[in-house]
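Colleague: I have a few questions about this chain before I set anything up. Can you put it on screen?

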Amino acid sequence: MPHHGNEEEHGSSENRRDAEQRENEPQKPIIHDNRKVDPKTGQARHPDQERGAAGAPDSGDALSQAEDILNSVEVPAADSVAQGGVGAEAEELRNDLRRLQAEYVNYRKRVERDRAVAGEMAVIGVMNSLLPVLDDVDAARQHGDLTDGPFAAIAAKLENALKTYGLVRIDETGVEFDPTIHEALIQQPGTDVEIDTVSQVLRSGYKSGDRVLRAAQVIVAVPA
């Protein structure tokens with residue numbers, strides 16, 4: 001078979017074309033994370049450790065990844081010719097990431113608020129289920145069955161435990177009638193009162209913080 005040209009010259013021309021194609025290919029943006037504190041662990045970063053873990057994939061949450069890109073995106077010097085277009089794309093990316101970060105922060109706050117409300121409602125549910133038990137304890141105490149002994153100690157421990165969770169008894173007399181915490185079952189004229197006043201508590205009420213679990217059933221003395 002006749003040979004047209006030298007094989008070494010043919011191979012060198014192909015190598016030159018490949019090198020020219022690689023030089024003409026656009027370079028991708030380089031992302032560097034120069035922060036001194038790790039956003040996931042809160043620990044200080046060390047340059048040696050960062051260089052050793054440079055090839056490891058990022059396994060953080062969406063917020064950490066967004067912060068990494070938002071704070072660390074850089075345009076290499078080789079792209080300075082097309083800096084105008086790349087700068088506009090980078091700014092658009094930054095705006096998108098800022099919106100993503102704000103949405104994530106709002107979502108996290110909403111989840112934490114809902115979790116706190118759910119915990120409070122769980123405690124209130126337990127307290128409501130124990131109100132009949134507290135009524136029995138009050139009845140036994142009024143009849144003199146809890147003056148002494150082990151049952152009196154158990155009742156006191158139960159009441160003290162519920163107080164640590166914010167349970168407050170509504171059983172005061174001689175105070176102004178408040179329809180938000182009192183339920184008037186009987187009204188009777190009073191001789192020494194100028195306003196509606198609680199003269200007797202028939203059944204204690206309870207509240208937890210600002211939430212009224214049960215209004216107190218009372219007798220109200222009204223001005224004559």
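This is a predicted model: local features need pLDDT of at least 70, side-chain atom pairs count only at pLDDT 80 or more; totals for chains, interfaces and linings use all residues.

Colleague: What share of the residues is buried?

Modeller: Of the 224 residues in the protein chain, 21% are buried. The chain exposes about 16,400 Å², and carbon and sulfur atoms supply 52% of that area.

Colleague: And the contacts in the protein chain with a separation of 6 or more: what percentage comes from residues 24 or more positions apart?

Modeller: That share is 65%.

Colleague: Which residues of α5 are buried?

Modeller: Ala152, Ala155, Glu159 and Leu162 are the buried residues of α5. Viewed down the helix axis, they fall within an arc of 95 degrees, so they line one face of α5.

Colleague: Why would residues three or four places apart point the same way?

Modeller: Because an α-helix has 3.6 residues a turn.

Colleague: What is exposed on the other side of α5?

Modeller: Pro150, Ile154, Lys157 and Thr164 are exposed there.

Colleague: And what comes just after α5?

Modeller: Glycine 166 does, with a positive phi of about 95 degrees.

Colleague: How accessible is leucine 130?

Modeller: Leucine 130 has 23% relative accessibility and counts as partly exposed. The buried class is for values under 20%.

Colleague: Switching to sheets. In what order do β3, β6 and β7 run?

Modeller: The order is β3-β6-β7, in an open sheet of 3 strands with antiparallel pairing. β3 and β7 are the edge strands, each pairing on one side only. The twist averages 30 degrees from one strand to the next.

Colleague: How many bridges hold β3 and β6, residue ranges included?

Modeller: Strand β3 (residues 167–170) and strand β6 (residues 205–208) pair over 4 bridges. Within that pairing, valine 168 stands opposite lysine 207 in β6.

Colleague: And β6 with β7?

Modeller: β6 pairs with strand β7 (residues 211–214) over 3 bridges, in the antiparallel sense. Tyrosine 206 stands opposite arginine 214 in β7.

Colleague: What sits between those two strands in the hairpin?

Modeller: The hairpin of β6 and β7 has 2 residues between the strands, and glycine 209 takes a positive phi near 65 degrees in it.

Colleague: Now the sheet with β4. What is the strand order there?

Modeller: It is β4-β8-β5, an open sheet of 3 strands with mixed pairing. β4 and β5 (197–203) stand at the edges with a single partner strand each, so one side of each has no neighbour in the sheet. The twist averages 25 degrees from one strand to the next.

Colleague: In what sense do β5 and β8 pair?

Modeller: β5 and strand β8 (residues 216–223) pair in the antiparallel sense over 5 bridges. The bridge partner of glutamine 200 in β8 is isoleucine 219.

Colleague: Last one, histidine 182. Is this residue buried or exposed?

Modeller: Histidine 182 is buried, with a relative accessible area of 7%. This histidine belongs to strand β4, residues 182–190.

Colleague: What does histidine 182 touch?

Modeller: Not counting residues up to four places away in sequence, histidine 182 touches Ile170, Val175, Glu176, Phe177, Val198, Ala215, Ala216 and Val218.

How values were computed
Residues are numbered from 1 along each chain as its sequence is written. Side-chain values use heavy atoms; hydrogens and water are left out. Buried means under 20% relative accessible area, exposed over 50%, partly exposed in between (1.4 Å probe, protein chains only). The arc is that of the directions from the helix axis to the C-beta atoms. Contact means heavy atoms within 4.5 Å. Two strands pair if DSSP finds at least two bridges between them. Axes are lines fitted to C-alpha atoms, for helices over the stretch in contact, and angles run from 0 to 180 degrees between N-to-C directions. Accessible areas come from the Shrake-Rupley method with a 1.4 Å probe; for residues, only the protein chains shown count as cover.
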